[in-house]
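Please find below my notes on the model you sent.

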Amino acid sequence: MHHDDLMLRVTLHDDRAGRCDLCTVPIGRSAHVHHRLRRSAGGTDHLPNLALLHPACHEWVHAHPTEATACGLLIPRGTDPTRLPLITHRPDLAYRLDTY
């Protein structure tokens, strides 16, 4: 892993109190850094554009774009991540992970 990637993951982990932004369960070394606005659409590595997710939660986000967009985990091209809040810790969505 590149040093900058590791530092980004550590910074995000600290910012999110070590919990997954979707299911709220504490997250360990397997944490994924998710870009709310995809890098290919101009997304950056700034904290407002990032989410900390378990690998399974990250898969869920991409498999369920409508629900993920509703809670700010995916945002459309041209949207400023600082103006669209990330609705973190959504246990009401976490139950859907077992249907993935």
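The points below concern a predicted model and go through the core, the cysteines, the histidines, the salt bridges and some backbone details.

1. Nonpolar core. The largest nonpolar core has 20 residues, and those touching the most other members are Cys20, Leu22, Leu53, Cys57, Val61, Ala68 and Leu73. Helix α1 (3-15), strand β2 and helix α2 each give two or more residues to this core. The largest share is that of β2, with 4 residues. As a general background, nonpolar side chains in soluble globular proteins tend to be buried together.

2. Helix α2. This helix spans residues 55-63, and its buried residues are Cys57, His58, Trp60 and Val61. Viewed down the axis of α2, these buried residues fall within an arc of 155°, so they line one face of the helix. An α-helix has 3.6 residues a turn, so residues three or four places apart point the same way.

3. A search of the whole structure gives 0 disulfides. Cysteine 20 is accordingly in no disulfide, and the cysteine sulfur nearest to its own is that of cysteine 57. Both residues are shielded: cysteine 20 is buried at a relative accessible area of 0%, and cysteine 57 is buried at 2%.

4. Histidine 34. This residue is in strand β1 (residues 32-35). Its relative accessibility is 1%, so histidine 34 counts as buried, the limit for that class being under 20%. Leaving aside residues up to four places away in sequence, histidine 34 touches Asn49, Leu50, Ala51, Leu53, His58, Val61, His62, Leu73 and Leu74.

5. Histidine 58 and its partner. Histidine 58 is placed in helix α2 and is buried, with a relative accessible area of 16%. Its side chain makes a polar contact of 3.1 Å with the side chain of histidine 34. Beyond four places in sequence, histidine 58 touches His32, Val33, His34 and Leu53.

6. Salt bridges around arginine 16. The structure holds 3 salt bridges. In one of them the side chains of arginine 16 and aspartate 15 meet, at 2.9 Å from N to O. In another, arginine 16 pairs with aspartate 21, with the closest N and O atoms 2.5 Å apart. Arginine 16 is buried at 12% relative accessible area, and aspartate 21 is buried as well. Aspartate 15, at 44%, counts as partly exposed.

7. The salt bridge of aspartate 80. The side chain of aspartate 80 meets that of arginine 83 in a salt bridge of 3.9 Å, N to O; the limit is 4 Å. Aspartate 80 is partly exposed at 34% relative accessibility, while arginine 83 is exposed at 72%. Salt bridges with shared partners join Asp15, Arg16 and Asp21 into one network.

8. Arginine 38. This residue lies in the loop between β1 and β2 (50-53) and is partly exposed, with a relative accessible area of 45%. Excluding residues up to four places away in sequence, arginine 38 touches Gly43 and His62. The C-alpha atom of arginine 38 is 8.7 Å from that of proline 76, although the two residues are 38 residues apart along the chain.

9. Positive phi values. Which residues other than glycine have a positive phi? Alanine 17 is one, with phi of about 55°, and threonine 24 is another, with phi near 75°. Alanine 17 is in the loop between α1 and β1, and threonine 24 is also placed in the loop between α1 and β1. Alanine 17 is exposed at 64% relative accessible area, whereas threonine 24, at 21%, counts as partly exposed.

Technical notes. Residues are numbered from 1 along each chain as its sequence is written. This is a predicted model: local features need pLDDT of at least 70, side-chain atom pairs count only at pLDDT 80 or more; totals for chains, interfaces and linings use all residues. Side-chain values use heavy atoms; hydrogens and water are left out. Buried means under 20% relative accessible area, exposed over 50%, partly exposed in between (1.4 Å probe, protein chains only). A polar contact is a pair of N or O atoms within 3.5 Å; within protein, one must be able to donate a hydrogen and the other to accept it, and residues adjacent in sequence count only if both atoms are side-chain atoms. Contact means heavy atoms within 4.5 Å. A disulfide is a pair of cysteine sulfur atoms within 2.5 Å. The arc is that of the directions from the helix axis to the C-beta atoms. A nonpolar core is a set of buried Ala, Val, Leu, Ile, Met, Phe, Trp, Tyr and Cys residues joined through side-chain atoms within 4.5 Å.
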